[in-house]
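Subject: Structure handover and findings

Hello,

Here is the structure I said I would pass on. My notes on it follow below the entry.

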Amino acid sequence: MKLILVISAVCLIGVLGVFSNSFWGGLGSTKPQLVYYDVTSADLPIVITERGYLESQEQTSIRCRVETYDRRSGLTGTTILSIVPNGSVVKQGDLLIELDSVQIRDLLESESLELQSDRSTLTQAQARKENRETQNLTAIAEAELALKLAELNRKMYVDEQSGSFKLSLSEIERQIDESRNSILEAQAALKLQETERDGIEQLFRLGYKGKSDLEQSRYAFMKSEAALAAAVNRLANHDATKQQLETYQKQMELMKLDGEVATAERNLQQVRVTNASELAQVEAQLFEAKERVQRQEARIAQYQRQLEYCTIRAPHAGMVVYAQDEQGNTTVAVGQSVRSRQELLTLPDLSRMRVRTQIHEAVLDQVRRGLPVTLRIDAFPNEPYQGIVERVAVVPSSNSNGVKTYECVINIPVEVEKLKPGMTAVSEIHVDRLKDVLSLPVQAIVQIDGETWCYVDNENGIERRDVELGRNNDKFVQVTKGIQDGDRAVLNPLAIASLENREQKSISPEAGVDAIQPVTAISDKEEPERGESDSRQGRQVRGDDGESDQRQQRARQASVGQRDPGESDRGENGQRQGRESRRRERTSDSSNSGT
């Protein structure tokens, strides 16, 4: 029994090997009609595509800002005199609504008369205050000037660098230095004359000089002695003058200057006290007059603002939309009374538009502020617009069937025309651009049971090649390992995978080797349609209702070879039933052989 089972296993392994060689060799020899893609190194743009709707960047709510009270009837509110038709397109500054302003004009006229009287009183009070301030300033200026002069005079005398005392002392010290230099010069001259005199006396004794030369040298010597004595006397006089300046004259001058400074300070303080007392009286009168004028001006300014609020103009260009109540009824009309802060109409700016869309949580980390976006409006498919991501929400805005999406706002930076709020727009967010990489269309990739591969046409036929994937967009996926530049990848691999699965299911110990059938070529009519369908599914984008998300997920599963979970369960159940049936047949055969 064991021998029979071993032989059966060996035969089955051999059959599988023969089938594998015949399958791949058959594909290589028959060359079925497949669609190929030439692998080249190129840039791969990473784009996230989402569907959203248009809205205005600036949508202004126009409200009634008039606050009036009818003293005669006791009623509040303002009547609408005119209003632009609903749906009108207006420019900045155009008249939108005109409200009744008769009551405000009457109040403004009566308050203006009262303001004139208050301003007259204020003018007289200001004149008295200005006169008093001028007198005070004059008195203060005179007193401060006298004080500054006294302080400056004292500072000028005691300044260590260039003061009067310092200059006098420096002059005397300079004279002393000159006297000392004169003494040194006189001493040197005397020494020279003494030497010359001694030399002439020697020559006179030897007979080389006459008596006149001797007398002349003696006279010069005596003259040098007199010059030395004069220099010594001048030095003594300068020293005495310096001692007098430092001991007596400095103290006397300081006492005089300090007295002048103290007198000027007391005079300044007296002037300040007198000025403050007189100024306080006129300031009290001025304050009272000013308060009356300010209250009156504030009241008139309020009435003037209310008068301006009666004329409402467009703050920017846009389309007029009347305000509606909860039942959808229009709440404004000519002759109708409106209350303060009541919304009258809204004004969206049609030249400044933006797109509001939803970002799937799986790609939220790739979207950030400032990314460029290509916008395609369903109403104008041939006119793409360029946009910029303005902001991305930090909390999810919807949670449909467990899938969270985050709101994203994309601004159109330029002014546009023809676009209307609510139009559907497809946003292609350019997240990144991979430079010089190898990539394949998503329909060329097969993923089954955790394995990822593609089919490549080589010299020996169609070859299955395991690959490793990187980043992807809706149409292409980066291949980091498994292919190289110049390869020819099969764009419709599902046909090959289905043929392979179908042929493998026909192999069993009961069927035998004869049951193996050669691989049939793929028809020309079947695979291009499948590829086009896959391509169309790959271009599907998610919508706000979540149904497009499911379609796109199914498209990705179809393009990369993933099976539907229900089909996978049914396939596994069928395989388990087949294995159980074969196990019962082998048990029955073993029992018959033993018998």
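Is R272 buried, partly exposed or exposed? With a relative accessible area of 39%, R272 is partly exposed. Please keep in mind throughout that this is a predicted model. R272 is a place to start with the charged pairs, but the overall figures come first.

Overall figures

The protein has 595 residues, of which 35% count as buried. Its secondary structure consists of eight helices and 23 strands. The accessible surface comes to about 36200 Å², and carbon and sulfur atoms account for 49% of that surface. Taking contacts between residues at least 6 apart in sequence, 77% join residues at least 24 apart.

Confidence

Mean pLDDT is 77, and 76% of the residues reach 70 or more. Two stretches need care. Over residues 505-579 the pLDDT is below 50, and the model gives this stretch 87 contacts beyond near neighbours in sequence. Residues 1-31 also stay under 50 in pLDDT; the model has 30 contacts for them beyond four places in sequence.

Salt bridges

The whole structure contains 29 salt bridges. Side chains of opposite charge can pair when their charged atoms come close.

R354 and E55 meet through their side chains in a salt bridge, at 2.7 Å from N to O. R354 belongs to strand β12 (residues 353-360) and E55 to strand β2 (residues 41-56), so this pair ties together parts that are 299 residues apart in sequence. R354 counts as buried, at 16% relative accessibility, and E55 counts as buried at 16% as well. The pair is also part of a network of salt bridges that links E55, R354, R356 and E407.

R272, from the opening question, has E144 as a salt-bridge partner, at 3.6 Å from N to O. E144 is in helix α2 and R272 in helix α4, so the bridge ties together parts 128 residues apart in sequence. E144 is partly exposed, with a relative accessible area of 26%.

Nonpolar cores

The largest nonpolar core has 32 residues. The residues with the most contacts inside this core are L96, I97, L99, V320, L344 and L345. Two or more residues of the core come from each of β4 (78-83), β6 (95-99), α2 (102-158), α4 (211-309) and β11 (343-348). A second, separate core has 27 residues, including V373, V389, M423 and V431.

What does L344 touch, if residues up to four places away in sequence are not counted? The list is I62, R63, C64, I97, I312, Y322, A323, V332 and V338.

T346 lies in strand β11 and counts as buried, at 17% relative accessibility. Setting aside neighbours within four places in sequence, T346 is in contact with T60, S61, M319, V320 and V321. Among these contacts, V320 is also one of the residues with the most contacts inside the largest core.

Helix α4 also holds L307. Beyond neighbours within four places in sequence, L307 is in contact with S101, I104, R105 and L108.

Surface

Which residues make the nonpolar surface patch of about 360 Å²? The patch is made by L203, L206 and Y208. With a relative accessible area of 61%, L206 is exposed.

Regards

Notes. Residues are numbered from 1 along each chain as its sequence is written. This is a predicted model: local features need pLDDT of at least 70, side-chain atom pairs count only at pLDDT 80 or more; totals for chains, interfaces and linings use all residues. Side-chain values use heavy atoms; hydrogens and water are left out. Patches are made of residues with over 30% relative accessible area and no salt bridge: like charges are joined within 9 Å, nonpolar side chains (Val, Leu, Ile, Met, Phe, Trp, Tyr) within 5 Å. Accessible areas come from the Shrake-Rupley method with a 1.4 Å probe; for residues, only the protein chains shown count as cover. A salt bridge is a side-chain nitrogen of Lys or Arg within 4 Å of a carboxyl oxygen of Asp or Glu. Buried means under 20% relative accessible area, exposed over 50%, partly exposed in between (1.4 Å probe, protein chains only). Helices (H or I, at least four residues) and strands (E, at least two) are DSSP runs, numbered from the N terminus. Contact means heavy atoms within 4.5 Å. A nonpolar core is a set of buried Ala, Val, Leu, Ile, Met, Phe, Trp, Tyr and Cys residues joined through side-chain atoms within 4.5 Å. pLDDT is the predictor's confidence in each residue, from 0 to 100.
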